[in-house]
Amino acid sequence: MMWLTWRQFRLQAIVATAALAAFAIALAVTGPQLASLYRADGMTTCGDSGCAALAGDFLSDAGSYQIMYGLCTVGILLAPALIGLFWGAPLITREFETGTFRLAWTQTITRTRWLASKLVLPGLAAMAVAAGLSLLFGWWAAPIGQAARLTHGSFPLGMGPFSLPDFDAHGIAPLGYAAFAFTLGVTAGMLIRRTIPAMAVTLAIFAAIQVAMPLAVRPHLFPPARTTVAIGSFAGAEHVGNGHFSFNVMDLPSQPGAWIISSQAVNAAGQSVSSSAACEGRGQNGNQCLARQGVQIAVTYEPTSRFWPMQLAETGIYLALAMVLAGYCLRRLSLRRY
Amino acid sequence: MTAVIESCKLGKRYHSMWALSDCTLSIPSGHVVGLVGPNGAGKSTLLNIATGLLAPTTGTIEVLGTPPAARPAELSRVGFVAQDAPVYTALTVAEHLRVGARLNPRWDARLAHARIERLGLNLKQKAGTLSGGQRAQLALTLAIGKRPELLILDEPVARLDPLARREFLGELMEAVAEQDLSVLMSSHLVSDLERVCDYLIVLVVSRVCVAGPVEELLATHHLLSGPRRDPDQMPPGLRVISASHTGRQSTLLVRTSGQILDPAWTVSQVTLEDLALAYMKQAAIRQLEVQR
């Protein structure tokens with residue numbers, strides 16, 4: 001059965017290999033150039049203090065690489081969806097639509113084995129492609145990531161390992177996304193039995209989950225670390241009159257790249273405060289006034305050291321979902337007759 | 001005579017529609033059995049249940065003494081050519097043979113290759129570019145190559161032109177002669193099966209109207225024509241299957257195990273097609289009466 005699976009998957013495998021090879025060549029050619037630019041701008045020898053200034057120069061020198069960074073990120077985010085749509089969804093619907101399931105299922109092989117072999121080969125290939133893309137990209141993009149972290153937001157991508165498109169395009173998470181998208185496509189195909197509707201449903205569900213994951217699930221994977229920041233050192237305060245103020249902490253100087261989950265002003269007793277009659281109308285001096293009153297900013301965050309544990313956890317969640325879907329498909333096929 | 005397929009009150013419902021209901025039949029082994037019936041009689045549903053592709057909603061069925069095709073042991077004993085002979089369009093003829101070899105432990109590679117060679121099929125040709133007849137022949141080769149004890153064919157020649165039809169059935173008969181093979185094939189046209197079947201089952205709306213060896217059916221059915229007469233007034237032992245009347249004349253298709261002695265009748269040989277059509281017509285009339 002493996003041979004038939006391979007034979008039916010061959011064209012897609014060739015397309016995927018070609019795409020991955022093109023990606024690898026592009027990165028292998030430009031990666032060393034980017035790294036030498038990084039060295040030439042003094043980023044490797046600037047020590048602890050001087051790098052922030054050099055980072056901005058490096059990023060402006062690396063302008064065209066920034067475009068490539070963005071394109072690669074989009075590509076890596078799209079790859080699992082494409083795998084779900086073009087590998088997963090048609091895997092079984094094509095057999096239904098052409099009637100060849102009647103041929104396959106009347107050979108001397110149980111349909112559970114038939115499906116298992118169809119899941120294993122393209123499923124592993126999907127994971128390999130996604131992991132290949134993201135790991136190559138991680139190697140290539142390291143200089144940009146380091147510089148972007150130091151400039152605190154002058155480059156919209158690469159704001160830190162947890163920033164929204166970056167976490168999803170780095171590390172091993174794309175492997176989990178690809179495995180999940182593939183089995184989601186297969187499951188949709190098995191339930192709907194027609195390719196185009198199955199593709200549409202796959203895309204809708206996958207997109208919804210990819211949006212829900214960073215917003216609703218990822219912040220709760222690990223209990224965040226807590227710290228307080230003195231108001232004096234913080235510039236991003238907003239005083240809106242009537243003594244009302246708010247602080248929106250974007251990054252922690254002591255924890256570059258950390259993921260800020262929440263930030264709020266607290267008084268000396270640790271209670272949340274959002275207004276102070278005493279500091280009303282102080283304008284630019286509002287911060288000092290608040291600081292004198294003992295107001296601080298309480299921040300919860302995920303330190304960068306959590307990057308790999310969170311990548312592992314998220315990949316694990318997606319792989320578990322993929323296994324559940326695959327198990328469901330196998331079970332349904334063995335119990336139900338068509 | 002053992003049965004290759006034995007079903008009891010078999011039914012299959014899709015949503016609220018019964019594609020097959022209350023179907024009880026027995027198909028003897030060692031025959032080439034033609035399953036004939038109008039469209040919608042439930043033939044395809046029955047065959048798909050027999051191959052294990054469909055699960056019945058009600059009733060039971062045994063194929064070669066076991067419930068159909070859940071495990072490889074049972075799958076290997078039944079060959080199936082589904083309606084429209086599905087094949088993998090992107091795979092070549094040679095690759096289909098390889099599929100057959102890989103997925104069937106009892107695969108007879110010599111037999112399969114010899115058949116393909118005799119048919120003049122190009123091994124390197126993609127199955128999607130084969131003609132309808134060649135495609136059907138390829139599907140038949142796959143089904144025969146696995147060396148089944150029972151070969152099931154669902155409307156195998158319905159879409160073939162007359163020449164391809166003749167060639168397909170010829171190949172089928174050759175395989176039957178070479179191997180110890182029971183065959184069950186369906187068609188809505190008796191004329192397709194007349195040349196090859198030695199056992200006929202007429203199925204109308206899930207019911208078996210008549211079943212038996214072709215020779216026996218032909219020997220016990222007669223076409224009578226004579227002066228007009230009421231079909232209900234026939235002697236005992238003689239069953240009227242269909243009757244048509246013109247002003248003064250009656251033509252009856254009757255079943256009897258005895259001789260027709262009444263000299264008023266002109267007795268003529270009935271064809272298998274007339275016979276099957278008469279039963280289908282009778283069943284249709286009965287159904288109308290039931291509906292009223």
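Mentor: Ala94(B) lies in helix α3 (residues 93–103) of chain B; helices (H or I, at least four residues) and strands (E, at least two) are DSSP runs, numbered from the N terminus. This is a predicted model, in which local features need pLDDT of at least 70 and side-chain atom pairs count only at pLDDT 80 or more, while totals for chains, interfaces and linings use all residues. Residues are numbered from 1 along each chain as its sequence is written, and chains are lettered from A and ligands numbered from 1 in the order in which they are written.

Ala94(B) counts as partly exposed because 15 C-beta neighbours fall inside 10 Å. A residue is buried if 20 or more other C-beta atoms lie within 10 Å of its own, exposed if 12 or fewer, and partly exposed in between, with C-beta atoms placed from the backbone. Neighbours within four places in sequence aside, Ala94(B) is in contact with Leu123(B) and Lys124(B); contact means that the C-beta atoms of two residues, placed from the backbone, lie within 7 Å. His15(B) is 79 residues from Ala94(B) along the chain, and 41 Å separate their C-alpha atoms.

Elsewhere in chain B, strand β5 (residues 78–81) is covered on both faces: Val78(B) and Phe80(B) are buried on one side, Gly79(B) and Val81(B) on the other. In a regular strand the side chains alternate between the two faces of the sheet. β5(B) runs parallel to strand β6 (residues 150–153) of chain B, and 4 bridges join them; two strands pair if DSSP finds at least two bridges between them. Leu150(B) in β6(B) is the bridge partner of Val78(B).

Leu64(B), in the loop between β4 (58–63) and α2 (72–75) of chain B, has a positive phi of about 50 degrees although it is not a glycine. Most residues other than glycine have a negative phi. Leu64(B) counts as buried because it has 20 C-beta neighbours inside 10 Å. Chain A has a positive phi too, near 70 degrees, at Arg193(A), in the loop between α7 and α8 (195–217) of chain A. Arg193(A) is partly exposed, with 16 other C-beta atoms within 10 Å.

Between the chains, 17 residues of chain A are in contact with 25 residues of chain B. On the chain A side, α1 (2–40) and α4 (100–104) each supply at least two residues. That side has 7 nonpolar, 7 polar and 3 charged residues, where Ala, Val, Leu, Ile, Met, Phe, Trp, Tyr, Cys and Pro count as nonpolar, Asp, Glu, Lys and Arg as charged, and the others, Gly among them, as polar.

Chain A itself is divided into domain 1 (2–221 + 307–335) and domain 2 (225–304), with bounds from an automatic or database domain assignment. Their contact takes 9 residues from domain 1 of chain A and 8 residues from domain 2 of chain A.

Chain A also has an open antiparallel sheet of 3 strands in the order β1-β5-β4. β1 (225–230) and β4 (259–266) of chain A each have a single partner strand, so one side of each is left without a neighbour in the sheet.

As for confidence, the mean pLDDT of chain A is 88, pLDDT being the predictor's confidence in each residue, from 0 to 100. Within chain A, confidence is lowest in strand β2 (residues 237–239), at a mean of 64.
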